Amino acid sequence: YTMTLDSAFKKFILTKRLKGLAEKSIRDYEDFIQPMVKMFGSDTEIADLTENMVDDYLLSLYEKPRSVATLATYIRNAKIFLRWMEGKYSIDVSASNIDIPKPEKKYVRIYSQEEILAIYRAVSAESEWMVTRNRAIIFLMLDSGLRQNEICTLLVSDIDFDKRIMKVHGKGKKERFVYIGDNSAKLLKKYFEICPYKSSNVFIGRRGKELTTDAVKHLIHKISKSLPFEFSSHKLRHNFATNFCIDQYKQYGHMDVYR
């Protein structure tokens with residue numbers, strides 16, 4: 001099959017866009033696969049790819065100082081692209097033998113009540129309504145396991161205070177219903193009462209426009225700098241997941257992640 005590697009890569013990205021993948025997922029594919037395309041040569045014919053070329057690229061990844069998780073991400077994306085070309089254009093290179101390194105399992109640190117209180121107090125902003133907004137964001141991550149993008153896309157119409165649930169717009173346009181914790185509910189109600197703007201989105205910026213993921217990242221970073229322990233949105237989600245499993249075990253004697 002006559003096609004350059006650059007053309008194949010553009011075709012690969014196009015197929016992902018046509019599948020409706022989120023823009024962040026598209027950027028991740030581009031960022032983690034481009035180095036391989038660059039090393040092989042954009043004008044290289046895909047029919048000329050060899051196992052040795054792939055081995056050389058994989059070795060080059062190991063030569064740079066990277067965490068195991070980052071290294072695994074590069075190799076996983078390379079494998080995805082090679083497997084796609086193998087299935088689409090029947091290239092001779094097989095991706096099945098590529099091993100993806102497994103990162104060491106990390107101990108999930110559960111925040112104590114004192115640390116949660118410290119997080120609550122560490123939230124600051126230029127006005128009361130923004131402080132309340134920021135605290136509501138933190139507790140939705142902690143109590144309900146929301147991601148940064150899910151915070152930004154949450155709609156007022158998605159929240160049902162009577163049933164204590166909300167509809168969340170997750171990755172890949174998937175929707176799910178999650179429980180609203182007591183702290184989150186109190187903060188959300190207060191936020192709605194004192195927020196000076198009206199919007200279909202739950203969370204908005206200081207000028208009344210939709211809140212961006214960059215603004216949430218800045219908030220998390222600002223809080224993390226003022227705390228004596230590790231803090232991130234991922235750790236909030238990990239705490240949610242762990243506490244959820246613990247609650248399931250206490251209530252039912254087993255852990256059912258689908259409940």
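I began with α2 and α4, which are roughly perpendicular to each other (65 to 115 degrees counts as such). I looked up the numbers: α2 (residues 23-40) and α4 (residues 68-89) pack at about 80°, axes 9 Å apart. Axes are lines fitted to C-alpha atoms, for helices over the stretch in contact, and angles run from 0 to 180 degrees between N-to-C directions. Helices are DSSP runs (H or I, at least four residues), numbered from the N terminus.

I noted that this is a predicted model, with local features needing pLDDT of at least 70 and side-chain atom pairs 80 or more, while totals for chains, interfaces and linings use all residues. Residues are numbered from 1 along each chain, and side-chain values use heavy atoms, without hydrogens and water.

Next I checked who touches whom (contact: heavy atoms within 4.5 Å). From α2 I listed, among others, Y29, F32, I33 and M36; from α4, Y74, F81 and L82 are included. By class I have 11 nonpolar, two polar and two charged residues.

Then I turned to α1 (residues 5-18). Its axis comes within 11 Å of that of α4, crossing at roughly 95°. I therefore logged α1 and α4 as roughly perpendicular too. F9 and F12 of α1 and W84 of α4 are among the contact residues.

Last, I looked at the lining of the largest pocket. I counted four nonpolar, 15 polar and 13 charged residues there. Asp, Glu, Lys and Arg count as charged, Ala, Val, Leu, Ile, Met, Phe, Trp, Tyr, Cys and Pro as nonpolar, the others as polar. The largest share, five residues, comes from α2.

Note on methods: Helices (H or I, at least four residues) and strands (E, at least two) are DSSP runs, numbered from the N terminus. Angles under 35 degrees count as roughly parallel, over 145 as roughly antiparallel, 65 to 115 as roughly perpendicular and the rest as oblique.
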